[in-house]
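Please look at the charged side chains in the sequence and structure shown here.

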Amino acid sequence: MIPPTRRSARVRPYALTGGRTRFGQVLLVETLISALYQPPGTAAPTFPELERICELCQGQMRSIAEVSALLRLPLGVVRVWVSDLVDAGRIRVHGSSVSTRSGGGSSISAPARPNRLVLERILGGLRDLA
């Protein structure tokens, strides 16, 4: 008798994003995001992971790195998903004045020089997770 094969619980990152590796927004590791309020029942149903990103960012700003670490997902996957949520109007990106690469309706930050306070906050959050 042939033993049943075990499937790996690990899913390749490109499978999570439907094969997409590029995103329409400029999202750096230190980019801060927050969830926009959605009245109950108004948001279209989405993947549970997208809902989790919105929950993590509800009422507070988090960096892309923080969200990636908290969800224990690769940074590239989180960047693609956050970009989707920005396009859907569910996430706000905080920052200055660089617009999206896709020419969409949002304005996304890509500061020339990261703010030291922001970087220290990110580093502290990552240390807390370790």
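## Salt bridges in the model

How many salt bridges does the rule count? The count comes to three, where a salt bridge is a side-chain nitrogen of Lys or Arg within 4 Å of a carboxyl oxygen of Asp or Glu.

This is a predicted model, in which local features need pLDDT of at least 70 and side-chain atom pairs count only at pLDDT 80 or more, while totals for chains, interfaces and linings use all residues. Residues are numbered from 1 along each chain as its sequence is written, and side-chain values use heavy atoms, with hydrogens and water left out.

## Arg90 and Glu51

Arg90 pairs with Glu51, with 2.9 Å between the closest N and O atoms. Because Arg90 sits in the loop between α4 (75-87) and β3 (91-94) while Glu51 belongs to helix α2 (residues 48-56), the pair ties together parts that are 39 residues apart in sequence; helices (H or I, at least four residues) and strands (E, at least two) are DSSP runs, numbered from the N terminus.

Arg90 is buried at 9% relative accessibility, whereas Glu51 is partly exposed at 26%. Buried means under 20% relative accessible area, exposed over 50%, and partly exposed in between (1.4 Å probe, protein chains only).

Within helix α2, Glu55 and Arg52 lie three residues apart, about one turn of the helix, and their closest N and O atoms are 3.7 Å apart in a salt bridge. Glu55 is exposed at 52% relative accessibility, and Arg52 is partly exposed at 37%.

Arg62 forms a salt bridge with Glu66, with the closest N and O atoms 3.6 Å apart. Arg62 is buried, with a relative accessible area of 14%, and Glu66 is likewise buried, at 10%.
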